[in-house]
Amino acid sequence: MVQILDYLRESPSQTAGPYVHIGCTPNFTGIEVYGGDLGTAMKTGPVQGQEIVIKGTVFDGTGTPLRDAMIEIWQPDAAGLFASANETRGTPDPNFTGWGRSPGDMETGEFTFETVKPGAVPMPDGRMQAPHITAWIVARGINIGLHTRIYFEDEAEANAKDPLLSGIEHQNRVPTLLARKEGEGQYRFDIHLQGPNETIFLDI
Amino acid sequence: MSTGPKTGGFVPRDRGWQPDALTPPYKTSVKRSPQAALLSFPTTLSEETSPVFGHGMLGELDNDLILNYAQPGQSAIGPRIIVHGRVLDEMGRPVPGALLEFWQANAGGRYRHKKEKYLAPLDPNFGGCGRAITGEDGSYEFRTVMPGPYPWPNGMNDWRPAHIHFSVFGHGFAQRLITQMYFEGDPLIPLCPIVGVLKSQEAIDQLTAPMDMNRTVPMDARAYKFDIVLRGRRQTYFENRVEGL
């Protein structure tokens, strides 16, 4: 016999269910108890860097848009610094929260994030990662939140050297992680939960 | 040289313990579950950092669902309860400053949501959402009414056990978690296909809050205790060092 490892176990995940909006974006569903919904404004004043808009839709395995998903994003500012308590590399843009939350449109399911293009962030070993945004998707039918990353198709040079993108065995799936440029500062990032165009999801 | 925060990366999530994506008895999961394997990648600053939520953003009644939607002088109808507990990491350390958001149906099992059609009535004095931020010791509490079970279109006669949904932010985005709390002794727990995605009785037990008579307020409200565990961080002693140095 050996000593017992006395670590705790992570609380098991459960689906967010169809009414996640009641708790996370109550104003969106008509419950006005807080001043406003958290995560709707990522910019709290004039921001540094390029302002961009990312739109997208989450599709199920039949190609039907999800109209009850909640998407959150987390990213650094234009200089690559996070508005986080454990950011030790410098002072992030005071007018940028880095965190956004969108329930999507109630009819179409399309989500929108008005944000800034993120700066590059290093790996723990110092190698640089290409500019990217961390995304997290929950919904009815999703038992544990899905992590993915939004990279940018117009950052081809940095993407080619990115440790995550370049290490993917199925390189033909890499475009599922690239936001498509639709205009100046306009990007589209659709998420396919299942099927031939399935987005790469991360165990991170 | 390390370019990251002074703490280590997160302990990998135990996917053998967490529910799978595809769980056919929970029908909606069938077309909403990825078929390709997840791509494993160690956490970086992108996942080891997380937004900060200060106590200053909270309103006085944010953690009181009995009153936060009620008309002046009114209160929500249903068994009054206090739910409290601590947010810890896998190493047993408290997680202070963690934002928790909760949502639930009213005492009759009816949600206040535009897409909800269940015939049980809304309670005009109950909204169903609340939030709290953990203190230095990782503790939180809120007051609410016990939610009722409700039927849902899955099997022909499926009913959710009474439950409260929880959304939790830790100190890194990799810790982001949404789960559900159940109540001790509810006979619907073993019948539920959503509870059924959990892989062991131990996992179900971890989401089942015991009644807590020590925290009950006599002649006012009963209490339930619900601790939440988030992923832990590794120590960093030998990380990021070039071999041989």
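Which residues line the largest cavity? The answer draws on both chains: Gly141(A), Ile142(A), Asn143(A), Ile144(A) and Leu146(A) from chain A, with Ala21(B), Arg32(B), Ser33(B) and Pro34(B) from chain B. A cavity is a set of points on a 1 Å grid, over the protein atoms alone, where a 1.4 Å probe fits but cannot get out; lining residues have an atom within 4 Å of a point.

This is a predicted model, in which local features need pLDDT of at least 70, side-chain atom pairs count only at pLDDT 80 or more, and totals for chains, interfaces and linings use all residues. Residues are numbered from 1 along each chain as its sequence is written, chains are lettered from A in the order in which they are written, and side-chain values use heavy atoms, leaving out hydrogens and water.

The search of the whole structure finds one cavity of 30 Å³ or more.

Now the largest pocket. A pocket is an open set of points with protein on both sides within 12 Å along at least five of seven lines. This one holds about 570 Å³ of space. It has 25 lining residues. Pro18(A), Tyr19(A), Asp68(A), Arg140(A) and Pro153(B) lie nearest its centre. Strand E6 (residues 150–152) of chain B gives the most to the lining, with three residues. Strands are DSSP runs (E, at least two residues), numbered from the N terminus. By class, the lining has ten nonpolar, six polar and nine charged residues.

Next, the interface. Contact (heavy atoms within 4.5 Å) takes in 91 residues from chain B and 77 from chain A. About 7,500 Å² is buried between the chains, and carbon and sulfur atoms give 57% of that. Buried area is the accessible area (1.4 Å probe) that two parts lose on being put together, summed over both. In chain B, Arg32(B), Leu39(B) and Phe41(B) lose the most area to chain A, together 12% of what that side buries. Arg32(B) also lines the cavity.

Charges meet here too. The rule finds eight salt bridges across the interface, each a side-chain nitrogen of Lys or Arg within 4 Å of a carboxyl oxygen of Asp or Glu. Arg9(A) pairs with Glu202(B) in a salt bridge, the closest N and O atoms being 3.9 Å apart.

Note on methods: Points joined across faces, edges and corners; volume = space filled by probe spheres on them. Helix = DSSP H or I, 4+ residues; strand = E, 2+ residues; numbered from the N terminus. Nonpolar A, V, L, I, M, F, W, Y, C, P; charged D, E, K, R; others polar.
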